[in-house]
Amino acid sequence: MKTNRRDFVRRWGTLLGSAAVTGPWHSLLARYAHGETSGLAEGFGPLQPCIDETTGLALIKLPAGFRCISFGWTSDLMADGRLTPPYHDGMGAFESASGNVVLCRNHEVDPGSTAFGDPASSYDPHGGGGCTRLSFNPTTEKWLESRVCLSGTLRNCAGGTTPWQSWLSCEETVLGPGDVQSGHPLFLEQTHGWIFETIMEADIAASQPPQPLRDMGRFVHEAVAVDDETGIVYETEDRLTAGFYRFIPNVARQLHRGGRLQMLLVIGASDLRDGIGKDAIFDVQWVDIEDPQRPHSPGTDDNLGVFHQGKARDAATFTRLEGIWYEGETVYFVSTNGGDAGCGQVWAYHPAEEQLRLVFESPDPAVVKMPDNMTVSPRGAIVLCEDGKKSGQRLQGLTTDGRIFPFGANNVVLNGERNGLSGDFRDGEWAGVTFSPDGKWLFANLQNPGITLAITGPWDEGLL
């Protein structure tokens, strides 16, 4: 599946990268440019309540023929005797030596709580975020266990997998010792705003606290993607004024040995938050960040110390860069509220050509409302997680021939059936979307109340 996937998406990336070819994304943008919002496809068919095979509850809506199995709810007891932390977010999937799927799942927990793992191996005893490690047997279709694999960090929003079987978890904050929040001291003992690496095949009961990868920058991180040919790591920043970054390691696959952080400069366009034409293809360059560990601009607490170093060298401004994925020699990334309608953009950066192209822009919330996490499926399409603060938030499919359709919808309404959780959670965001290595299972999180889902069905129709 890996070979087919790379070949297919490489051909797709070639179409996207050529100004001489009006590929599928071009035709999609052209329809929207003429005020046409009927580019919505039927997809796999209409969505209908799907009964979760774990609880018997209709937690989500999916097309007919698809199934879902929930696991790892907030406050569920894990195999290490600890309770599952809340606010499930970014997630990555790996194949273990036994053939099981191993997932690393972020928890975007704000300051104000203590580390949910062993204090002796936590980064900061007052950091409530981190990661849990889950395992799933695709043959028996059973969830197996979960346990802590990183704790003592803060606001672990997204991250990304690496080709060497590790998970990079990103902190979406630059808080540190002495900081207060809403007038209350946070008692933090360590600086935050870093990327942390968890080796998935290593002993998951690490005896030493994790160490931040400082050269990768201290800023309001969102997600990362790794070019599996060069080892370069691409990073997104979730701010209304955001940069797009890359980290060139001194030694490939050994990020702890340091490297160089750079920010994208787009020739002829300093601000790409809106007003981008449908045919726009930009040549790009990269500028160095001299002090990647600077959290704020001098004399301020603006959280933009890295960003403004890049802007001083004419680097480009985006807005709220979130999900990112590398596939087929192309880096795809999402601007959650970018575009003229403020409903989201999907960009494609082609390292070989040093070109950037806008491949999708939502013209209306009915089409897509504020995409966040994303992944590329083994069959070539993009899956987008909505975070638009509306009831029934959706998983959206964006096919290689330019069609977009809802694949799933949040349908969670609880009355204490699981761990005493109650409320209408249908406006909760989707997150952590990722496929199993064989492409037969799609894993995703509902951040609030905190649920992980394994989804499978008739993928052979080829839409996702």
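Let us begin with C68, which counts as buried because its relative accessibility is 0%; buried means under 20% relative accessible area, exposed over 50%, and partly exposed in between, with a 1.4 Å probe and protein chains only. The model is a predicted one, in which local features need pLDDT of at least 70 and side-chain atom pairs count only at pLDDT 80 or more, while totals for chains, interfaces and linings use all residues. Residues are numbered from 1 along each chain as its sequence is written, and side-chain values use heavy atoms, with hydrogens and water left out.

What is the disulfide count? With a disulfide defined as a pair of cysteine sulfur atoms within 2.5 Å, the count is zero. C68 is in no disulfide, and the nearest cysteine sulfur, that of C50, lies 3.7 Å away. For C131, the closest cysteine sulfur is in C104 at 4.2 Å, which is too far for a bond. C131 likewise counts as buried, at 0% relative accessibility.

Strand β9 (residues 166-171) runs antiparallel to β12 and is joined to it by five bridges. Within β12, E197 is the bridge partner of L168.

I come now to the aromatic residues. The whole structure holds 24 aromatic pairs. Rings of Phe, Tyr and Trp (its six-membered ring) pair if their centres lie within 6.5 Å; planes under 30 degrees apart count as stacked, over 60 as edge-to-face and the rest as tilted. F66 and W459 form an edge-to-face pair, 5.1 Å centre to centre with 70 degrees between the planes. This pair links distant parts of the chain, 393 residues apart: F66 is in the loop between β2 (60-63) and β3 (67-71), and W459 in the segment after β30 (451-456). F66 and W459 are both buried.

Y234 and F244, by contrast, are stacked, at 6.1 Å centre to centre and 10 degrees between the planes. Both Y234 and F244 are buried. They belong to one aromatic cluster, together with W286, F318, F333, W347 and Y349.

Terms used: Two strands pair if DSSP finds at least two bridges between them. Helices (H or I, at least four residues) and strands (E, at least two) are DSSP runs, numbered from the N terminus.
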